[in-house]
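Q: I have a chain open and would like to go through it in plain terms. Can we start with the overall picture and then look at details?

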Amino acid sequence: GGFLFMHFIYVLLIALANNIDNIGVRIAYSIRGIKISVKTNLWISVITFFISAISAYFGSFLTKFISKGTSSKISMLLLCTIGLWIIVEPYYNMKKPQLENEDNSLYNILRSPEKADKDNSKYIDIKEATVLGIALSINNIGGSLSAGIIGLNSFFIGIFSAVLSFVALWAGNYITILFKKFDIGNKATVTAGLVLILIGIGQVLK
């Protein structure tokens, strides 16, 4: 029972940390008045599910070729690196100069996902949602891969990531109000990073 409970908690925490970007994107969209329909949001969730589940499955597949000790060390390294990046990335992006000619590149959408609204229509269509879904899911690969390495179920990682992605984008307006009221935008990002680092360290201490 205790093992299953911890398994569930790890899946939930990694999926939450994976989706911290989605909350940031929704806040950016809300501020700019960009809308995401339920249909578009569902499509982004489908992309999130497949990329997260495949990454986690690949992680569990890798463990067939490496020892448990090596798996734990790789997982710790991945989770701690992703955790540190989640904490540092907002400050890194603030200092990085913006290049006008890379506005529509996938890399730039990764850095500033609100740029997925290429036609400035204030509405994300299916084509723009596909690019946005891939950009957001690329951020999930490391966490999902680590989840697979530490033995978490790839299907559940995919499902939780997809559901949390949907909720984060759907509830964006309310989250924006909450984040502004309590000034917790940066705190949420730092917390997500620290959670991943702690899960990573926990793998080696087992």
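This is a predicted model: local features need pLDDT of at least 70, side-chain atom pairs count only at pLDDT 80 or more; totals for chains, interfaces and linings use all residues.

Q: What percentage of the residues is buried?

A: Of 206 residues, 47% count as buried. Buried means under 20% relative accessible area, exposed means over 50%, and partly exposed is in between (1.4 Å probe, protein chains only).

Q: And what about the contacts in the chain?

A: Among contacts with a separation of 6 or more, 84% are between residues 24 or more positions apart. A contact means heavy atoms within 4.5 Å.

Q: New topic: how many aromatic pairs are there?

A: The count is five. Rings of Phe, Tyr and Trp (its six-membered ring) pair if their centres lie within 6.5 Å; planes under 30 degrees apart are stacked, over 60 edge-to-face, and the rest tilted.

A: One of the five joins Phe49 and Phe155, edge-to-face, at 5.8 Å centre to centre with 80 degrees between the planes.

Q: Where do those two sit in the chain?

A: Phe49 is in helix α3 (residues 38–62) and Phe155 is in helix α8 (residues 154–170). They are 106 residues apart, so the pair links distant parts of the chain.

Q: Buried or exposed, for Phe49?

A: Phe49 is buried, at 17% relative accessible area. Phe155 is partly exposed, at 46%.

Q: Which other ring does Phe155 pair with?

A: Phe155 also forms an edge-to-face pair with Phe156, at 5.9 Å centre to centre and 65 degrees between the planes. Phe156 is partly exposed, with 40% relative accessibility. Phe49, Phe50, Phe155 and Phe156 make up one aromatic cluster.

Q: Now the surface. Which residues form the nonpolar patch?

A: The patch consists of Trp43, Val46, Phe50, Ile54 and Ile126. Four of its residues come from α3, the largest share. Trp43 lies in helix α3 and is partly exposed, at 34% relative accessible area.

Conventions
Residues are numbered from 1 along each chain as its sequence is written. Side-chain values use heavy atoms; hydrogens and water are left out. Patches are made of residues with over 30% relative accessible area and no salt bridge: like charges are joined within 9 Å, nonpolar side chains (Val, Leu, Ile, Met, Phe, Trp, Tyr) within 5 Å. Accessible areas come from the Shrake-Rupley method with a 1.4 Å probe; for residues, only the protein chains shown count as cover. A salt bridge is a side-chain nitrogen of Lys or Arg within 4 Å of a carboxyl oxygen of Asp or Glu.
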